[in-house]
Amino acid sequence: MAKKKKLLQAKINRLLIANRGEIAVRIIRTCHEMGIETVAVYSTADKDNLHVRLADKAVCIGSAPSSKSYLVKENIVMAALHTHCEAIHPGVGFLSENADFARLVQDKGLIFIGPDPDVIELLGDKVVARETAQKYGLPVTPGTGAVNAQDGKAIDAAKQLGFPVIIKAAAGGGGKGMRIVRKADELEENISLASREAESNFADGTVFIEKYLENPRHVELQVLADGKGNVAILGERDCTVQKNHQKLIEESPSPGVTDKMRKAMAAGAVPMFRELKYRGAGTIEFLAENENFYFMEVNARVQVEHPVSEFVANVDIIRQQILACTEGRMEIDPKAIALNGWSIECRINALTPGTINRLEVPGGPGVRFDSFLYNGCSIPPHYDSMIAKLIVYGTDRNHALARMDRALRELVVEGIKTNIERQRWIINHPVFHYGVFGTSWYGDIEKEVEHGR
């Protein structure tokens with residue numbers, strides 16, 4: 001224990017990034033600004049990836065499937081020890097919220113760039129996280145504890161909640177292990193399907209039931225904490241534009257959150273993170289309906305959409321995350337966070353694998369392009385479809401929308417099919433401009449988007 005405490009108070013010299021693609025590139029860039037050497041890990045499919053080129057050292061950890069590379073805890077820790085790293089940054093996805101991985105990292109005398117394993121475990125179980133949120137006065141969507149298909153009480157509970165209900169994986173996210181049920185006779189089968197999908201994706205088949213909100217907004221608070229009681233809220237993000245529970249566009253602030261809601265969310269989140277002695281970056285997610293909001297989950301890691309919060313708060317979240325986890329401090333005063341302007345992020349997804357034969361990146365004031373793309377790079381079929389994030393900043397929402405439209409027009413990615421034109425269509429839609437919509441909106445107009453009308 002003393003060894004871990006010493007490490008937490010020391011400036012590190014070398015860090016391994018247990019991830020790939022744009023988030024690995026993002027972390028490498030901040031590390032180099034901080035004077036920290038970086039070690040990349042890669043699968044055989046990623047040997048020419050940009051994060052491998054930018055890192056000071058690189059280690060192959062397995063073959064293309066993530067189950068044989070980026071999800072093999074022992075190989076990643078071995079690579080860190082072999083290259084004399086002092087810390088491991090998990091990035092997003094893969095092992096970023098795996099408590100066993102965090103414990104293994106710490107057991108080997110390395111620093112995990114994230115909260116303590118016990119905190120990850122507590123927050124990773126959505127049933128327990130709901131109970132924790134309620135303890136701090138945060139409202140939760142009416143729901144149940146863990147259920148199974150053979151438990152007759154599940155049907156009684158669902159009837160009491162009132163259909164439709166949603167089945168969720170206790171240990172998961174991203175739409176995996178999730179089923180919407182509108183009739184009692186469909187419940188048992190969907191519990192079984194959701195449980196099997198959760199077991200396959202998260203090695204935990206536990207599911208629970210919540211009342212399904214038909215068309216809420218999806219809102220989240222960006223949190224930074226130093227583990228010593230200092231908790232900063234960098235405003236909220238709106239992630240309401242989604243397809244199959246996968247986020248497409250994010251913005252900060254949210255056009256659907258009032259000052260009253262904003263203060264109430266923070267009033268519950270700050271003491272919760274303080275009491276947990278939370279360390280590093282995290283996000284607390286809510287569903288919002290009119291003036292009401294309901295706790296959904298905590299992501300105990302940095303989020304894909306963190307750049308919009310960086311723009312409006314003028315804070316390098318990765319830098320503060322590393323400082324909090326390695327030196328037990330942050331360079332920001334939680335009471336002096338000033339939020340200005342408006343930021344929007346469009347996720348650029350590959351619709352097919354292939355090779356990039358032409359890339360033209362937009363620029364100009366207030367434009368940021370986070371990616372691992374370069375001319376001639378290969379997009380393998382093995383991983384998440386997101387290949388880039390286009391982020392813009394404006395003085396207000398209209399300014400940011402105009403800037404995003406201009407940047408999307410400038411962005412050229414050829415050699416594969418992408419969703420660039422679809423993103424441009426969405427941000428120019430009158431409903432999106434008006435700013436009043438819920439999570440079902442994109443699904444309702446998807447056919448219209450497909451036909452470009």
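Guide: A strand here is a DSSP run of type E with at least two residues, and strands are numbered from the N terminus. The model is a predicted one.

Visitor: In which strand is the place of Val 413?

Guide: The strand in question covers residues 412-414. Val 413 falls in that run, which is strand E21.

Visitor: Does Val 413 count as buried or exposed?

Guide: Buried means under 20% relative accessible area. Because the relative accessibility of Val 413 is 10%, Val 413 counts as buried.

Visitor: Which residues is Val 413 in contact with, leaving aside its neighbours within four places in sequence?

Guide: Val 361 lies 52 residues away along the chain, and its C-alpha atom is separated from that of Val 413 by 8.5 Å. Contact, however, means heavy atoms within 4.5 Å. With neighbours within four places set aside, the contacts of Val 413 are Ile 356, Arg 358, Leu 359, Leu 373, Thr 418 and Ile 420.

Visitor: Is Ser 96 buried or exposed?

Guide: Ser 96 sits in the loop between strand E4 (87-89) and helix H5 (99-107). Beyond its neighbours within four places in sequence, Ser 96 is in contact with residues including Phe 112, Ala 300 and Arg 301. Since its relative accessible area is 2%, Ser 96 is buried.

Visitor: What is the relative accessible area of Glu 188?

Guide: Glu 188 lies in helix H9 (residues 187-202). On the surface, Glu 188 gathers with Asp 185, Glu 186 and Glu 189 in a patch of negative charge. Glu 188 is partly exposed, and its relative accessible area is 47%.

Technical notes: Residues numbered from 1 in each chain as written. Predicted model: local features only at pLDDT ≥ 70, side-chain atom pairs only at ≥ 80, totals over all residues. Heavy atoms only, no water. Patch = residues over 30% accessible without salt bridge, like charges linked within 9 Å, V, L, I, M, F, W, Y side chains within 5 Å. Areas by Shrake-Rupley, 256 points an atom, 1.4 Å probe, with all protein chains shown as cover. Salt bridge = Lys/Arg side-chain N within 4 Å of Asp/Glu carboxyl O. Lys, Arg positive; Asp, Glu negative; His and termini not counted. Charge placed at Lys NZ, Arg CZ, Asp CG, Glu CD. Helix = DSSP H or I, 4+ residues; strand = E, 2+ residues; numbered from the N terminus. Buried < 20%, exposed > 50% of the residue type's maximum accessible area, 1.4 Å probe, protein only.
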